[in-house]
Amino acid sequence: TVGKTITCKAAVAWESGQPLSIEDIEVLPPRAHEVRVKIYYTGVCHTDAYTLSGKDPEGAFPIVLGHEGAGIVESVGEGVDNVKVGDHVVALYTPECKECKFCKSGKTNLCGKIRATQGRGVMPDGTSRFRCKGEDLLHFMGTSTFSQYTVLADISVVAITPEAKMDRTCLLGCGITTGYGAAVVTAGVEKGSSVAVFGAGCVGLSVIQGAIRCGAGRIIVVDTNQRKEEWAIKFGATDFVNPSKIDKPIQEHLIEMTDGGLDYTFDCTGVVSVMRAALEACHKGWGQSIVIGVAAAGQEISTRPFQLVTGRVWKGCAFGGIKGRTQLPALVDDYMTGKLKVDEFITHRENLNNINNAFEQMKAGDCIRCVVDM
Ligand code: NAD
Ligand code: AHE
Ligand code: ZN
């Protein structure tokens, strides 16, 4: 079936550092192996703000941002067989083709199939499906969920149970899954082990729930925002440390607290000095530090190589190491059966018209996630 172009509202980022503007945009029909989705809800992640700020080396404008979305398939292009019209789906910025070297490796959730075009802000055939005022708009992370309709590669969507509310499942498209997966899949936290989580935003709080699921013993949360203590404890952390209230480097303090360091540490801040502290807070011989935070262009990490020579491991992950098409439906089921917290992360709600408020709330420091009703 040949679809028609749809005109709808979208939040367009015309240039970096400026608020988004709500525009009528045209969304072209999906081509072969593409899916057009009506987005009902989207979360706003720190990474959207990061790209909007102009600090993302891959960020280009004008663009439709957003990568934490849930919706319903409106139409499909030729050759699409993994989803059908009417399916409830979550957008996957980490796609899963199940055929490439990466997908077949069994070692990573990163998929290579469309990464190059996704990074350039276009569909796999090299063109855009968005038009506004006679201009093409770029896609973002293969998802562009800040539009009432978006077009994605078929490998960038996963169908989930329609019984799960979309204002909740959208958050499984990034923040919650990322933190949970980093603890459960990437680190493989063991029963009784000690964990430190740097940064108690959506990602960090979800690392806590992953660590608890794995049976971690002590879970220490480190955040410079004192108001995050209450959040950390509510999610099950055993300790909270505000590094601005101690008189020595945070890694030294943590090593003293834990008789030699942590089994696992997680950076959920994107600050490179924090990444170093997280690595150096690991226990000699086996401690592992997982980098989740996204740092600005030009930023680099460093430590004494001796830290690694003496057995600490530095690694990182995107989307928690979770394979979206294979593993996300089970996470939704975990949510439905009360094994995975999602509702608790929603602190704010906005309509598309006021999406810029979500960016303000993020900066203010009391927002875990704002869900935008499209
Ligand atoms: P957020 O802004 O809600 O949370 C960050 C937290 O870090 C805040 O509570 C803040 O107070 C704290 N913080 C800032 N500086 C600190 C410091 N020096 N020491 C201790 N705490 C500090 O962000 P979020 O949405 O939870 O995302 C966290 C990071 O993860 C961001 O960098 C985001 O871009 C990145 N991210 C990565 C992935 C991935 O797949 N790798 C996915 C989602 C988000
Ligand atoms: N484009 C940035 C990197 C941004 C980045 O690392 N993104 C993560 C997801 S963050 C979600 O909130 C990611 O998926 N990384 C793996 C990948 O293939 O992009 C830059 O620095 O160039
Ligand atoms: Zn994100």
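Biologist: In which loop is K98 found?
Modeller: K98 sits in the loop between β5 (88–91) and α2 (101–105); helices (H or I, at least four residues) and strands (E, at least two) are DSSP runs, numbered from the N terminus. The model is predicted: local features need pLDDT of at least 70, side-chain atom pairs count only at pLDDT 80 or more, and totals for chains, interfaces and linings use all residues. Residues are numbered from 1 along each chain as its sequence is written, while chains are lettered from A and ligands numbered from 1 in the order in which they are written.

Biologist: Why is K98 called partly exposed?
Modeller: K98 has 14 other C-beta atoms within 10 Å. A residue is buried with 20 or more such atoms, exposed with 12 or fewer, and partly exposed in between, C-beta atoms being placed from the backbone. The count of 14 therefore makes K98 partly exposed. Its phi is near 70°, a positive value in a residue other than glycine.

Biologist: What makes F319 buried?
Modeller: F319 has 25 other C-beta atoms within 10 Å, so it counts as buried. F319 lies in the loop between β15 and α11, and its phi is positive, about 55°, although it is not a glycine.

Biologist: Why does D334 count as partly exposed?
Modeller: D334 has 16 C-beta neighbours inside 10 Å, and so it is partly exposed. D334 belongs to helix α11 (residues 324–336).

Biologist: Which residues is D334 in contact with, leaving aside its neighbours within four places in sequence?
Modeller: They are K339 and L340; contact requires C-beta atoms, placed from the backbone, within 7 Å.

Biologist: How do you know that the buried residues of α8 are on the same side of the helix?
Modeller: The buried residues of α8 (residues 250–257) are I250, Q251 and L254. They cover an arc of only 100° around the axis, so they are on the same side of α8; the arc is that of the directions from the helix axis to the C-beta atoms. These buried residues pack against β10 (195–198), β11 (219–222) and α9 (272–280).

Biologist: Why is α9 described as largely enclosed by the rest of the structure?
Modeller: Seven of its nine residues are buried, which is why α9 is described that way. Among the buried residues of α9 are V274, M275 and L279. The elements they pack against include β13 (264–267), β14 (288–291) and α10 (306–309).

Biologist: Which residues have the most contacts inside the largest nonpolar core?
Modeller: A196, V197 and F266 do, in a core of 112 residues. Such a core is a set of buried Ala, Val, Leu, Ile, Met, Phe, Trp, Tyr and Cys residues joined through C-beta atoms within 7 Å. Not counting residues up to four places away in sequence, F266 touches several residues, including V197, A278 and I290.

Biologist: Which residues come nearest to ligand 1?
Modeller: H46, G199, G201, V203 and G270 come nearest, of the 30 residues around ligand 1; a residue is near if its C-beta atom, placed from the backbone, lies within 6 Å.

Biologist: Which residues are around ligand 2?
Modeller: Among them are C45, D56, E58, R115 and C174.

Conventions. Contact = placed C-beta atoms within 7 Å.
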